[in-house]
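Morning, everyone. One structure today, and I'll keep it brief. Have a look at it first.

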Amino acid sequence: MKHFFFSLKPRERFMALAALLVAATLWSTGAWARVRGGWDDWRALEENAIVQKSWLAKEREIRNATALAVQGLDSGHGYDQAKLVAEAVNATKEAGLSANTESPKTTKAGKFAIHSLQMSCRKADLASVLRFYENVKARAPYLAIGQLSMTADRGTAGTVTFKATITALELLGDLPVGAKAAGEPEAAGK
């Protein structure tokens, strides 16, 4: 290889060295990017582990808050998909609106099912939107507005198009008897 290199003309040697230098530069920048990417991934994992440890440290507090929140819920009073659609449509009609809805989506976790429904109303005045909000608020804690966005209608003063995600909570089965927060005293007379 050495013999071949020195047999080249000086201009060809210079071109070969320049090509080798470009190739080495490209390889080293790629290697540096991989090293930095690995370092960044490792730091992200460390930060994620710290966050996870903090959540695990709050386990008792979260369980207490969950138990307190669940105490007020009754089995059978939640809304399944069909009842969610009916209640959402009733809330819009009571507010003087007509809504377009999509099929509800369901997420199940343990003893709970959370149903969500996307809906939109066009050419709604703000007073009707506020009445709709109050109608949904009256059905809490089993029905809530997850997201609400409003866009002013063009050409029609004072009206908006609003899109909302209505979520419903359904309790699957009965709560365990005596569901209470950890560390709460037992009721007297038991």
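Angle classes first: under 35 degrees counts as roughly parallel, over 145 as roughly antiparallel, 65 to 115 as roughly perpendicular, and the rest as oblique. Axes are lines fitted to C-alpha atoms, for helices over the stretch in contact, with angles from 0 to 180 degrees between N-to-C directions.

This is a predicted model: local features need pLDDT of at least 70, side-chain atom pairs need 80 or more, and totals for chains, interfaces and linings use all residues. Residues are numbered from 1 along each chain as its sequence is written, and side-chain values use heavy atoms, without hydrogens or water.

Overall layout. The protein chain has five helices and five strands, by DSSP runs (helices H or I, at least four residues; strands E, at least two), numbered from the N terminus. The order from the N terminus is α-α-α-α-β-β-β-α-β-β.

Now the helix pair. The axes of α4 (residues 81–94) and α5 (residues 126–137) come within 8 Å and cross at roughly 140°. The two helices are therefore oblique to each other. Which residues meet there? From α4, A88, A91, T92 and E94; from α5, F132, N135 and V136. Contact means heavy atoms within 4.5 Å.

On to the hairpin. Strands β4 (residues 143–152) and β5 (residues 159–171) run antiparallel, joined by nine bridges. Pairing takes at least two DSSP bridges between two strands. M150 has F162 in β5 as its bridge partner. Six residues lie between the strands, and G155 in this hairpin has a positive phi near 85°.

Last, contact range. Among contacts in the protein chain with a separation of 6 or more, 67% join residues 24 or more positions apart.
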